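Me: I'm new to this one and would like to learn how to read it. Could you walk me through it, one feature at a time?

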Amino acid sequence: MKAMAFGKYAIPEAQDYVDSGFQTMSADQTAVYDNLRKYQDVDARTAYGAVQTLSGIEAVKDADGNTIKTTKQAQRDALFAMDGMTPAQKQALDRMMLVGSEAGTPADYSDRTKFMISNYVAEHQQAAAQAAVDDGLSIDSFIQYADALKEEKSKTDEAGDTVPESTAQEQTLNRILQDSSLDQTAKDGLITHVLIDGMSDNRKAAWQDTLKGTISAEQFVRFADKYAEIKRQNEGVEDQAQVSATNFSYYLDGVGLNADARAKVDDSFKYYMMFPAEPKAYSYDMLTSKNEVAYRDAAQDSGVDFETYAAIKEFKGEQTGAVKDKTVSHMREMGLTQAQIKNIGRMFGWKM
């Protein structure tokens with residue numbers, strides 16, 4: 001966990017700079033300083049100290065040279081801790097000096113939780129982090145295990161290949177469960193918001209709409225990981241979907257679910273098995289969601305057969321983060337026309 005040192009941030013050299021006639025800053029630093037003074041109403045000493053302090057901060061590394069905090073994270077930690085500026089003034093300085101011409105947004109300095117989320121949590125996980133906090137979890141715990149998941153995902157196997165995502169999830173799950181400092185409520189919250197909230201939209205929907213309250217969050221993650229493992233093991237096998245479904249059913253036989261839970265798990269995972277099996281055996285008529293029913297005729301009329309739609313829907317369901325952008329790019333690579341992409345996007349409930 002990246003520790004932060006909050007408290008009074010002293011900038012005694014500022015008065016020396018004021019007294020010296022402002023001769024020690026670069027052109028870029030002077031431009032930031034002038035902006036703080038003229039447009040942000042920051043006093044001279046505070047503005048100078050802030051600019052000089054942030055300019056001298058570097059990334060924090062451990063004894064092995066691994067980065068613990070990036071330069072910007074360390075700079076933002078220092079900026080958050082500084083006295084003499086409002087959150088809005090700090091954000092303005094962040095935008096000018098740390099974001100600059102690069103893509104990105106400044107951190108949120110309005111309170112510690114929002115700051116930690118904006119500085120230490122990846123953009124695609126920030127909604128999950130806020131949900132975790134809303135459920136009573138500490139932001140520090142969320143960041144600790146989000147970092148743990150990232151670490152597990154970066155590991156390689158004996159062949160030098162990156163480990164499957166399901167393996168990384170399983171290892172992170174075990175780390176959460178083995179943490180004796182957490183009670184069961186906190187463990188369930190971390191499993192939900194770090195692991196399940198990071199899964200594909202289809203996986204999350206299966207949890208939220210069908211399985212939450214029937215099985216535990218731990219069970220859901222283990223089932224999803226086992227399904228992924230079985231699917232991976234059967235790649236290239238004839239009748240892959242049927243073989244995988246059978247293997248998964250055998251696995252569930254040994255879990256000891258009651259009849260109601262077993263039926264719901266079976267139904268939930270049949271959805272994932274369906275499209276890879278024989279999409280030609282299905283048709284647009286089987287679709288029941290509001291958006292799919294509303295736009296399926298337009299998609300079919302534009303020349304998109306159900307097999308193609310099923311494949312795209314499966315691709316969409318496997319994505320995490322920027323799902324719409326990734327899926328639209330995938331459809332373009334498939335050679336679909338703009339009209340076809342528009343119709344399929346509307347079936348997914350997207351504004352196109």
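Me: Which residues touch the most other members of the largest nonpolar core?
Reply: A nonpolar core is a set of buried Ala, Val, Leu, Ile, Met, Phe, Trp, Tyr and Cys residues joined through side-chain atoms within 4.5 Å. Here the largest one has 65 residues, and Phe142, Ile215 and Val265 touch the most other members. Apart from that core lies another, of 17 residues, with Val304, Met331, Phe348 and Trp350 among them. In soluble globular proteins, nonpolar side chains tend to be buried together. One caution: this is a predicted model, where local features need pLDDT of at least 70, side-chain atom pairs count only at pLDDT 80 or more, and totals for chains, interfaces and linings use all residues. Residues are numbered from 1 along each chain as its sequence is written, and side-chain values use heavy atoms, leaving out hydrogens and water.

Me: What does Val265 touch, not counting residues up to four places away in sequence?
Reply: Contact means heavy atoms within 4.5 Å. By that rule, and skipping residues up to four places away in sequence, Val265 touches Leu211, Ile215, Phe223, Phe248, Leu252 and Leu257.

Me: How many helices and strands does the protein have?
Reply: Helices (H or I, at least four residues) and strands (E, at least two) are DSSP runs, numbered from the N terminus. This protein has 18 helices and two strands.

Me: At what angle do the axes of helix H10 and helix H12 cross?
Reply: Axes are lines fitted to C-alpha atoms, for helices over the stretch in contact, and angles run from 0 to 180 degrees between N-to-C directions. The axes of H10 (residues 184-195) and H12 (residues 217-233) cross at roughly 40° and come within 9 Å. H10 and H12 are therefore oblique to each other: under 35 degrees counts as roughly parallel, over 145 as roughly antiparallel, 65 to 115 as roughly perpendicular, and the rest as oblique. On the H10 side, the contact is made by Asp188, Ile191, Thr192 and Leu195, while H12 brings Ala217, Glu218 and Val221. Those residues divide into four nonpolar, one polar and two charged.

Me: Is Arg76 buried or exposed?
Reply: Buried means under 20% relative accessible area, exposed over 50%, and partly exposed in between (1.4 Å probe, protein chains only). Arg76 is found in helix H4 and counts as buried because its relative accessibility is 10%. Beyond four places in sequence, Arg76 touches several residues, including Asp94, Tyr109, Phe115 and Asn119. Across the protein, 40% of the 352 residues count as buried.

Me: Why does Gly84 count as exposed?
Reply: Gly84 gets that label because its relative accessibility is 53%. Look for Gly84 in the loop between helix H4 (71-81) and helix H5 (87-99). Setting aside neighbours within four places in sequence, Gly84 is in contact with Thr46 and Gln89.

Me: Where is Lys204, by contrast?
Reply: Lys204 sits in helix H11 (residues 201-211). With a relative accessible area of 26%, Lys204 is partly exposed. Leaving out residues up to four places away in sequence, Lys204 touches Ile196, Asp197 and Met199.

Me: How far apart are Gly321 and Gly198 in sequence and in space?
Reply: Compare the count along the chain with the distance in space. Gly321 and Gly198 are 123 residues apart in sequence and 8.4 Å apart, C-alpha to C-alpha. Gly321 belongs to the loop between helix H16 (306-317) and helix H17 (323-334).

Technical notes: Ala, Val, Leu, Ile, Met, Phe, Trp, Tyr, Cys and Pro count as nonpolar, Asp, Glu, Lys and Arg as charged, and the others, Gly among them, as polar.
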